[in-house]
Structures are given as structure tokens and as C-alpha cells.
Amino acid sequence: MGLINGVNNDEYVRLLGAWPSPFVLRTRIALNLKRVPYEYLEEEDTLNSESVLNYNPVHKQIPILIHGNKPIRESLNIVMYVDETWLSGPPILPSDPFDRAVARFWDVYIDEHCFTSINGVAVAKDEEERKMAIAKLEQCMALLEETFQECSKGRGFFGGDNIGFIDIGFGSMLGPLKVLEKFSGVKFIHPENTPGLFNWADRFYAHEAVKPVMPDTEKLVEFARLKFNTSIFK
Amino acid sequence: MGEREEVKLLGTWYSPVVARAKIALRLKSVDYDYFEEDLFGSKSELLLKSNPVHKKVPVLIHNNKPILESLNIVEYIDETWNASGPSILPSHPHDRSQARFWSAFVDDKWFPTLIATTITKSENAKAKGMEEVGEWLLLLEDAFISISKGERFFGGEVIGFMDICLGSFLVILKAREKLKGENILDKSKTPSLCKWANEFLADDTVKNVVPEIDRVVKFMREFEAETQTRA
């Protein structure tokens, strides 16, 4: 067994990622929460990167967590893996089976509906398409506001007193949401319509596991402008 | 234990994802009340109340608390009745992540592509879709060989999470093969998966739980005729 930087090969943790990706952000927050030392490798061009293709031949996507020589793929999968492997830090998923099922349900909803709607607004070809995508996204926000009230039970986060699975799943979308708000003129997280989420977002940004890795909004705006050559960003 | 726990399952007889919940409950020897939903007619009050967001089955209701999404339900069953029956998810975090990864692959890529080839009217799209389904079966063959390590199932000696996930689609797959005279699970290309498929369908926890292939063939034939006339 060799050592890399003083750490046993089997225990060495690497994360392949890209700074604008909300999915990569999830995994970094989880690792920070558990205070896991890791090497972060920025993938400039993920599709052509050899390491990405080696470790994730199925989806050719980041993030990829490499623990020892074992790759773990898919952001939520990685977050669960981190939670189950490093047991000394605060728990990310709740301990009660029902609460865990609720947390998993909402993160799937966030990926399948919210993220899809965010993308929908960004790539909309015309005003009508954009209006529909915006309406869908507003619906998602309303539902998540309800969920926040139910899950937080008056405390600061979906996870209670500390950030948990839903906080990480949804909080990672705040950057793209802010970018959309800037370009569309629509406030998706609103002090009157979604007061719970509005205050939660500030708390999330300020959290010690989030602050050092949350991408700067202005940089995300520039990135979006370059990546999406659609009408909303002109 | 005190009072009998109240476990209800809302489902449809033909749904492969509902079968997942049934198999998991059987593995853990959990008694439950089953309610057949008429999704083409009107959905029950209980379904609408328990799953207002998606209005879909399966829904597991345990002591009045609803649990949604089939794989979520399987994990919930595994965690709640952890002292009874075999573990459904593997114990090691890396093996668990593999099981979750491959099951997401089956649910998000493999099965939707297979279903799309049933619906599409374009011969071109159908051929392309079936080609992808075949390629991905080769990936699943490799995954099975690596994960099962010579045992009968993905889960080892006993059925586990990945077996339930992929196995639940076997009846539809075989019904489709029968209906169309196709050979999707090909012994010459994916011999290990073929063997696994037979083991899975013959297993005690599965064979009386999944619908009969002929019944599904009839259902598919009627469904297809219906969609053709509506088009």
C-alpha cells in the first residue's frame, strides 16, 4: 500500500468536478460537512477528459468521487455515500426511516422537476416557452416552501438545526436560480410568496460547509451567458 | 410488539414498480392490505390524499404515513423491518452506491428507452432504441458478473436491491418478447443475465407476486389496440 500526501492509498479521496455545476457543489458541501480531506480536480472539458471517461464510462459526467480506487457516481449517490462512510460528522440524512424516505423523495423531485424547470427557462426558444417554464418553476417553489415549513418545524433548515439532505439538494440550485432571476426579472424565491425559503437561502449561503465552495453569482452569470446562447441571456 | 402495525399498499396488478414493493414486503415477511387502483378510471381518495404531488402508485402507507416512489419504498421497508429477513441493500457503503447507481440507470435510461420503442411509430426510432437497449444489457451483464461474484443474484445468495429493481421489469420484457416474437434478453449475448432472470422469476418471493406473462401479453395487446385507435 502506498501513501499519497501522507494518506493511505485506500483512504485517499479525490473529487472530479466543475466549478459551475450544482451537482458537484452538493458533493463538496457533503465532504465539508464531514470534514473529509480531499483533492479537488477541476475538469475543464468533461466530455473529452480521460479520467472522467475511465471512471464514469456509463454517463461520462461529473461529479465523480474516487475513494481509494473506487469511483462513486451521481451527486445524490455520492452525498449518501459520504454520509454512510464518514460517520463521525453530523448526519446528512435523518435517522428515522420515514424522515429518510421523505428526504429522498424531495431530492428526486428537485432533480426531476425543479432542475428541469430551471433548465427549461434557460433554454426556452421563445416568450411562450419561457412563460410556461417560469410557471412550472414557480409551482416547484410553492411546493418546496410548504415542504420547508413541514420539515424544518420552525428551525433553520430542512434538516432541522443543521443542513441535511434536502438542504444540500435544493441549496445547490440557488446559484442557477439567482442567475435566472437576474435575466428573467422574476423573483423565484420571494420574501412574501416564499418567506421560509427566502430566509433559509441566506442561512444556507452563510453555513460554514457551504460558504467556501458556493460559486460567486457574478461568475455564474458570465458562465451562463457564454454557455446558453438562448434569447433570455441576450 | 404492541398493536399490529397497519401496512397498506396501493397499486395496480400490472405495474412492475408496484411488484418491487410487494417483493420487498414478502422478503421481510410483512403482512399488509393491498388496494388495487384503477388508474385509467378514477383514482381513490386514499391515493389522491397520500400522493397529491404525483398521484401515482405504488404508495406504501405505514401507520397512516405515506411513502412514495418504488425504490424509496424498498429502502424504507429494508430500514424499518431491519431485524426481519435478509438485508435488501448491501451493507458496505460502496456496494450500496453501486446498487443505487445501477438501479437509477435501469429506471432513468434502460427501461424508458425500452418503453419508448413500444410507443413510437417510427421504425427508425424503434430500431435505434432497441439497439441501445441491447448495448445497455451488455453493460448490465458486466455489472451482474462483477457484483454477483459467482452467486445467483446481484445481492449474492439472496435477492437484493438491484435484483428487485431490474427483475421487476422481466415480466414486461418477456411479455414483449412473446407479443412481438423478439429476443431481447439473448442467451448468446448476455448468458449470465438470462440465467439470473430465470432464477429471479422462479424465486419464492417473486413467483406468486409478479403477474403472469400471458396476462400481461393480453393487457399489452389491448393497450396497443386502444392507443392505435386513439392516434
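A salt bridge is a side-chain nitrogen of Lys or Arg within 4 Å of a carboxyl oxygen of Asp or Glu. The legends below describe close-up views of a predicted model.

**Figure 1. A network of salt bridges joins residues of chain A and chain B.** The linked residues are A:Glu84, A:Arg100, A:Arg104, B:Glu75, B:Glu79, B:Arg96 and B:Arg100. Within this view, A:Glu84 pairs with B:Arg96, and their closest N and O atoms lie 2.9 Å apart. Side chains of opposite charge can pair when their charged atoms come close.

Figure 2. Three residues, B:His94, B:Arg100 and B:Phe101, supply 27% of the area that chain B buries against chain A, more than any other three residues. Nine residue pairs, both members at pLDDT 80 or more, are in polar contact between the chains.

**Figure 3. The largest nonpolar core contains 144 residues.** The members that touch the most other members are A:Met141, A:Phe170, A:Trp200, B:Trp110, B:Leu140 and B:Trp196. Helix H4 (residues 97-123) of chain A gives the largest share of this core, 11 residues. Leaving aside neighbours within four places in sequence, B:Trp196 is in contact with B:Phe144, B:Arg152, B:Phe153, B:Phe154, B:Asp163, B:Leu166, B:Gly167 and B:Leu170.

**Figure 4. Helix H7 (residues 170-180) of chain B carries several buried residues.** These are B:Leu170, B:Val171, B:Ile172, B:Leu173, B:Ala175, B:Arg176 and B:Glu177. Just after this helix, B:Gly181 takes a positive phi of about 65°.

**Figure 5. The side chains of B:Lys28 and B:Asp78 meet in a salt bridge, at 3.3 Å from N to O.** This pair links distant parts of the chain, 50 residues apart: B:Lys28 lies in the loop between helix H1 (16-27) and strand E2 (33-36) of chain B, and B:Asp78 lies in helix H3 of chain B. Both B:Lys28 and B:Asp78 are buried.

**Figure 6. B:Lys218 and B:Glu222 form a salt bridge, at 3.3 Å from N to O.** Because B:Lys218 and B:Glu222 are four residues apart in helix H10 (residues 213-230) of chain B, about one helical turn separates them. B:Lys218 is exposed, at a relative accessible area of 52%, and B:Glu222 is partly exposed, at 47%.

**Figure 7. In chain A, the side chains of A:Lys125 and A:Glu129 meet in a salt bridge of 3.6 Å, N to O.** A:Lys125 counts as exposed, with 65% relative accessibility, whereas A:Glu129 is partly exposed, with a relative accessible area of 34%.

**Figure 8. A:Glu218 is found in helix H9 (residues 217-227) of chain A.** A:Glu218 has a relative accessible area of 49% and is therefore partly exposed. From A:Ile166, A:Glu218 is 52 residues away in sequence and 25 Å away in space, C-alpha to C-alpha. Chain A as a whole comes to nine helices and six strands, and 53% of its 234 residues are buried.

Terms used
Residues numbered from 1 in each chain as written. Chains lettered and ligands numbered in written order. Predicted model: local features only at pLDDT ≥ 70, side-chain atom pairs only at ≥ 80, totals over all residues. Heavy atoms only, no water. Buried < 20%, exposed > 50% of the residue type's maximum accessible area, 1.4 Å probe, protein only. Helix = DSSP H or I, 4+ residues; strand = E, 2+ residues; numbered from the N terminus. Buried area = accessible area lost by both parts, 1.4 Å probe. Polar contact = N/O pair within 3.5 Å; in protein donor to acceptor, adjacent residues only side chain to side chain. Core = buried A, V, L, I, M, F, W, Y, C linked by side-chain atoms within 4.5 Å. Contact = heavy atoms within 4.5 Å.
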